[in-house]
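Hi there,

Here is the structure I promised to pass on.

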Amino acid sequence: MEDTRDLAERTPRSERKRRDSFGMFDGYDSCSEDSTSSSSSEDSEDEVVPSMPASLPIIKNNGQVYTYPDGKAGMATCEMCGMIGVRDAFYSKTKRFCSVSCSRSYSSNSKKASILARLQGKPPTKKAKVLQKQPLMAKLAAYAQYQASQQNQAKSKAVVTAESFDWGKYICSNNVVGAPVSCFKHAPMGTSWGDIEEGVRIEVPNSDISLPTKVYWIAEIVKLAGFKALLRYEGFDNDTSKDFWCNLCIPEVHPVGWCASNGKPLVPPKSIQHKYSNWIVFLVKRLTGAKTLPTDFNTKVHENMQFPFKKLMRVEVVDKNYLCRTRVALVEQVIGGRLRLVYEESQDSSDDFWCHMYSPLIHNIGWSRSIGHRFKRSDFTKRTEGQVDAPEQLFQKVKDVDQTGDWFKDGMKLEAIDPLNLSAICVATVKKVLADGYLMIGIDGSEAVDGSDWFCYHSTSPSIFPVGFCEINSIELTPPRGYTKLPFKWFDYLRETSSVAAPVRLFNKEVPNHGFRQGMKLEAVDLMEPRLVCVATVTRIVHRLLRIHFDGWEDEYDQWVDCESPDLYPVGWCQLTGYQLQPPASQNSREMSHSLPKQKKKAQQYKGQKKKRRIPVGRRPFSQAGRRSSFSGDEEHSPPLYRAQGPSRPRTFRRQNYNSESLLRMKEETAEADEFTFSQGTSDQESNGSGSYCIKQEP
């Protein structure tokens, strides 16, 4: 050991710098601003700054400034550092070196010129430029200033996007919890999150450093919220001054050991660099027995960010103007698994619709015909090159059901989430039984005469419930419009309408261990305006049903959503996928809408899902001038390009019966035979006057 120590003392300091098993440099203090070099001033001249562009001047000893007239005669290349410059400005008669330091370094085979390159974790660059008679940190600072100026110039040329929402500050200031990633099986890493928890160590870029190159340090996960984690650099102990939030799925986050494997430097933060004399011993002690990310974590993230749907794929999707039928649409954009669909006959791509690729609203071409669902046949014959029908295997499969025996029948009563008012569970009726377990459901007292607002639910859908579900679970049931015998009693209603309740055993009673808890934060699609993803909170849990509240908005904007809905995402999903997140509406911005004049309401159209509104016009959310306030995704072609300031969810729609104009339009389309009618499925019109009804729930 003594011989080894003596050998180290006789070895030049620049050669003693090395990486330990964690990829960390010994002698970190040699790179600090306060340190002084043990070598002479002549030796200090051979330290270099890498990769400065040829447009920068070369500062020589005599004060003259030379530039690089690339391509012109009289050029020379330094055999030590590889610098190209004016031959007359080079050192010695041979013009082999650009400076005295390069000449001496070359002859002595010194490697001090590679200090910065070693910090970068790569061999010394051959195009390093020499700035003589300047301390190393001064040179680094000059280069960092140049890099900053170049970045600022690039930013000034770029389009300034809407300011992003700070989830970290929001979570800390409100002391809330984000729903775990494992709650969202459809989201990236939803099934691969593993045991990532508080206390896990990772390697991340070190931002508490005054070096112009990227170096890393180890941090501990202090708090988790979806994809986001509150991190604290190792060595800060209970000091929270440098804590920061980070998305764990970004490429800059790595498991411990990545730096050593890839030749990247581990450098302690500047604030604590003198706290320990031996950082290697400190890290070994701290990391022994600690958990880190799986070695293939980054690979899994990349794989999970690949989506099978591609642009110009053709699908069948619900008609946003008439719920009862589907239309052909083309995939225009894919962002994080969310699809922007443009209806095939749209001429200017403005007739679009947003949904997730696992949404029950989209299907393969031919689905409607196969089950007997109404379908709007397109007159659009021109095909764009590259169009292809989306393969059937890309769509979510529904559970096979046995429709023989005691199955759903037309006229049976049940309770269902109103697709036009997702905050309400309503009295509903089975209007038509289709094939493969699909049902057409109508909301009692609100449906159009021609059934144009019937909605297709699968029999296993978590959005339909047996009679008595709301009463048992203390949920307010919305009675039929115009029904006066309140409070509503199912027994009386079934007797009055001479109808029967759908058997309880036919409904989906499976409740997965979803992991959601009341008060958890998440990012949720506003299904009234499905192009928007908003900051939201789980306010109630009933079995597998979640009550989603949009932060900053009144409770009447809440939505009932299934725990496995593809329209719910972890905190940080928008940042990961590049989707624009809508922040909570502030009280001041909502009050701006009070002074808006009343406007005549246009005829109702289904542009996603619509919602009842009982608020006065004066309290409607503010809609910016020049913005299209539809909730079909018509405002922008891409949500990340929103330029909204203030509230961005102008939802003021009510469910209402179609007027004579809309009914006439619907009849004209039917007369033109532009759609398939209900052609399959049983239709036994039964009416049981006995009013057989049982509110007892099956276990």
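**Salt bridges and their surroundings**

Glu345 and Arg327 join their side chains in a salt bridge, with N to O at 2.8 Å. Glu345 sits in the loop between E12 and E13 while Arg327 belongs to strand E11, so this pair ties together parts that are 18 residues apart in sequence. Glu345 is partly exposed, at a relative accessible area of 22%, whereas Arg327 counts as buried at 5% relative accessibility. Please keep in mind that this is a predicted model.

A second salt bridge brings together the side chains of Lys320 and Asp351, at 3.1 Å from N to O. Here Lys320 is in the loop between strand E10 (313-318) and strand E11 (325-335), and Asp351 is in the loop between strand E12 (338-343) and strand E13 (352-356), 31 residues apart. Lys320 is buried, because its relative accessibility is 2% and the cut-off for buried is under 20%.

Both pairs belong to a network of salt bridges that links Asp319, Lys320, Arg325, Arg327, Glu345, Asp351 and Lys376.

Elsewhere, Asp406 forms a salt bridge with Arg505, where the closest N and O atoms are 3.5 Å apart. Asp406 lies in the loop between strand E16 (388-389) and strand E17 (413-418), and Arg505 in the loop between helix H13 (490-496) and strand E23 (521-525), so the pair ties together parts that are 99 residues apart in sequence. Asp406 counts as partly exposed at 40% relative accessibility, and Arg505 is partly exposed at 42%. The count for the model comes to 28 salt bridges.

**An open sheet**

You will also find an open sheet of 5 strands, in the order E8-E7-E6-E5-E9, with antiparallel pairing. Its edge strands are E8 (244-247) and E9 (254-255), each of which pairs on one side only. Strand E7 (residues 228-233) pairs with E8 over 4 bridges, and Lys228 stands opposite Asn247 in E8. Helix H7 (residues 167-174) packs on this sheet and touches strand E6 (216-225), E7 and E8; the direction of H7 makes about 130 degrees with that of E8.

**Confidence**

The mean pLDDT of the protein is 74, and 63% of its residues reach 70 or more. Confidence is lowest in strand E1 (residues 58-59), with a mean of 34, and highest in strand E27 (residues 568-569), at 98. Over residues 7-21 the pLDDT is below 50, and this stretch has 28 contacts in the model beyond near neighbours in sequence. Residues 154-163 also stay under 50, with 3 contacts beyond four places in sequence.

Best wishes

How values were computed
Residues are numbered from 1 along each chain as its sequence is written. This is a predicted model: local features need pLDDT of at least 70, side-chain atom pairs count only at pLDDT 80 or more; totals for chains, interfaces and linings use all residues. Side-chain values use heavy atoms; hydrogens and water are left out. Two strands pair if DSSP finds at least two bridges between them. Helices (H or I, at least four residues) and strands (E, at least two) are DSSP runs, numbered from the N terminus. Contact means heavy atoms within 4.5 Å. Axes are lines fitted to C-alpha atoms, for helices over the stretch in contact, and angles run from 0 to 180 degrees between N-to-C directions. pLDDT is the predictor's confidence in each residue, from 0 to 100. A salt bridge is a side-chain nitrogen of Lys or Arg within 4 Å of a carboxyl oxygen of Asp or Glu. Buried means under 20% relative accessible area, exposed over 50%, partly exposed in between (1.4 Å probe, protein chains only).
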